[in-house]
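Subject: Structure handover and notes

Dear colleague,

I am passing on the structure we spoke about, together with notes on what turned up when I went through it. Please read the notes with the structure open beside them.

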Amino acid sequence: LHSMMDGVLVSDTAHKLILYNKAAEPLLKVTGGDHRERKIWTVINDAEIAAFVEESLKNQEKVYDKEYTLDYGGISRILTFSIMPLVRERSIQGNLIHIEEVTEKKSKEARLRRAENLASLTTLAAGVAHEIKNPLGSISIHLQLIQKELSAGNDIRKDSMQQNLEIIGEEVSRLNSIVVDFLFAVRPMNSVLEEKCLNTVVRETVDFVRMEMEESGIEIRMILCEEDCKIELDDKLIKQALLNLIKNAEAAMPEGGTLTIRTRKREGVVDLTVEDTGIGIPADIIPKIFEPYFTTKEFGSGLGLTVIFKIIKEHKAEINVKSKEDQGTTFTLVFPVPQKEQQLLDWQGDRNEI
C-alpha cells in the first residue's frame with residue numbers, strides 16, 4: 001500500500017480510521033497525530049472533502065470517481081474519490097476510500113478535446129466554404145444575366161427576369177439552410193434529459209412518417225420490447241435522430257423495402273435498432289459517414305449523421321453501424337439505463353470476495 005501512487009484510507013464499520021498509506025498524506029493533507037479511534041473524516045484537512053466523506057459513509061453510499069479540486073500552494077490539483085465497502089463472508093467489515101490524482105490526465109484530455117475541436121472546426125469550415133461556393137456562383141451568374149437584360153434598354157423580357165430572380169431566391173434559401181445546419185452542428189445542444197419510455201418516442205416518430213413510407217413502398221415493422229424501456233432522454237432530439245435514420249433508410253430503398261425498428265433491454269442498456277433492406281454502405285465509406293459534410297447523396301448536406309452522432313453523444317450513448325452492399329444497413333443506438341443508488345448494506349456477493 002505504501003508503494004502505491006494512489007491514496008488509500010480504510011475504516012471499520014464505525015467509520016473509525018484503521019490505516020492509510022503514504023500517498024494519502026500529501027493528497028489529503030492528513031492532519032498529524034495519533035489517528036486511532038478517530039472518525040475517518042476528522043483526519044482530512046479539507047472541510048468540503050471531509051463533509052463529503054462523512055455524508056457518504058453515514059448514508060452508506062457507494063461513490064465512484066467523485067472529483068474535487070484542491071489548492072497546493074497555488075497549484076491546483078484534481079483528485080477523484082471512490083468509496084466502496086470492504087466485504088468478507090457476505091458481511092461488511094468496513095469501508096475503503098481510494099484517492100487518485102488525475103490532474104495530468106485531465107490536462108491531456110482537455111488538450112485532446114481542443115485538438116479534436118480544432119480539427120472538426122477546420123473540416124466544418126472547409127465543408128461550409130465548399131457548400132457556399134456553388135449557390136454563390138449561381139447567384140453571380142443570374143445577376144449577370146439580369147444586368148445583361150437591363151443593359152439591353154427597353155427590350156426587357158419579364159418572364160426571363162422573373163425566372164432569374166426565382167433562381168436567386170432559391171439559392172439564397174439554400175445558403176440560409178447551409179448556415180442553419182452549420183450553426184446546429186457547432187453550437188452546444190440545450191438538451192433536457194428526462195426519464196421516459198423509449199418505446200413511446202419510437203411509436204410517435206413512426207406514426208409521423210408512416211404515410212410517407214407507405215407511399216415510397218416501404219413496410220415498417222416495429223418489434224418493441226415488453227419490458228420497461230425507460231431511459232434519460234430529450235424526446236425532441238431522439239425523435240430528430242430517429243427521423244434522420246428513417247430518412248436515410250428511405251433514400252437507401254428507392255424501389256421500396258422493409259424498415260425494421262427494434263427496442264431491446266439488456267443488462268444496463270437499452271438498444272434501439274433501425275434496419276433497412278436497402279443498397280447498403282461500401283465498407284471503405286463506413287468509417288467516414290459521421291464526418292461533417294461527407295455525403296454520397298447528390299443533394300445531401302452531409303450533416304445528417306453528424307447531427308445524429310452529436311445527439312447520441314449528448315445522451316452518453318453509443319452508435320454502431322453494420323452494413324453490406326445490396327443487403328442493407330443496421331444502425332444500433334445503445335442507451336445507458338439510469339442506475340438507482342445502491343445502499344452498501346444491500347450488497348450481496350460471493351463469500352470469498354473482499
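The secondary structure of the protein comes to seven helices and twelve strands, and please bear in mind throughout that this is a predicted model. Of its 354 residues, 38% count as buried, and the protein exposes about 21,400 Å², of which carbon and sulfur atoms supply 50%. Among the contacts between residues at least 6 apart in sequence, 59% join residues that are at least 24 apart.

Strand β1 (7–12) is mostly covered, since five of its six residues are buried. On one side of the pairing list, β1 and strand β5 (residues 91–101) run antiparallel over six bridges, and the bridge partner of G7 in β5 is I99. β1 is also joined to strand β2 (residues 17–20), again in the antiparallel sense, by three bridges, with L17 of β2 as the bridge partner of S11. The hairpin of β1 and β2 has four residues between the strands, and in this hairpin H15 takes a positive phi near 70°.

In the segment before β1 lies M4, which counts as partly exposed because its relative accessibility is 34%, between the 20% and 50% limits. Together with L1, I18 and L19, M4 makes a nonpolar surface patch of about 350 Å².

In the largest, which has 43 residues, the members that touch the most other members are L198, V202, L259, L272, I289, F331 and F335. Helix α6 (residues 235–252) gives the most to this core, with seven residues. A second, separate core of 24 residues includes L9, A24, A50 and I99; I99 is also the residue of β5 that was named above as the bridge partner of G7. Returning to L259, and leaving aside its neighbours within four places in sequence, its contacts include I218, I220, I246, A249, M253 and V274, as well as the charged residues E219, R221, E275 and D276.

Helix α6 also contains K247, which counts as partly exposed because its relative accessibility is 34%. K247 and M213 are 34 residues apart in sequence, and their C-alpha atoms are 9.2 Å apart in space.

A further strand pair deserves a look. Strand β6 (residues 194–197) runs antiparallel to β8, and four bridges join the two; within this pair, E195 stands opposite E232 of β8. In a regular strand the side chains alternate between the two faces of the sheet.

Finally, the charged pairs, of which the structure holds 14 as salt bridges. Side chains of opposite charge can pair when their charged atoms come close. E67 forms a salt bridge with K106, with the closest N and O atoms 2.5 Å apart. Because E67 lies in strand β3 (residues 63–72) and K106 in helix α3 (residues 103–151), this pair ties together parts that are 39 residues apart in sequence. E67 is partly exposed, with a relative accessible area of 40%, and K106 is partly exposed as well, at 28%.

Which element holds both R174 and E171? Both residues lie in helix α4 (residues 158–186), three residues apart, which is about one turn of the helix, and they form a salt bridge whose closest N and O atoms are 3.6 Å apart. R174 is partly exposed, with a relative accessible area of 36%, while E171 counts as buried at 13%.

The side chains of R264 and D271 meet in a salt bridge of 2.9 Å, N to O. Here R264 is partly exposed, with a relative accessible area of 48%, whereas D271 is buried, with a relative accessible area of 4%. Lastly, E194, K196 and D235 are linked in a network of salt bridges.

With best regards

Technical notes. Residues numbered from 1 in each chain as written. Predicted model: local features only at pLDDT ≥ 70, side-chain atom pairs only at ≥ 80, totals over all residues. Heavy atoms only, no water. Patch = residues over 30% accessible without salt bridge, like charges linked within 9 Å, V, L, I, M, F, W, Y side chains within 5 Å. Areas by Shrake-Rupley, 256 points an atom, 1.4 Å probe, with all protein chains shown as cover. Salt bridge = Lys/Arg side-chain N within 4 Å of Asp/Glu carboxyl O. Buried < 20%, exposed > 50% of the residue type's maximum accessible area, 1.4 Å probe, protein only. Pairing = 2+ DSSP bridges. Core = buried A, V, L, I, M, F, W, Y, C linked by side-chain atoms within 4.5 Å. Contact = heavy atoms within 4.5 Å.
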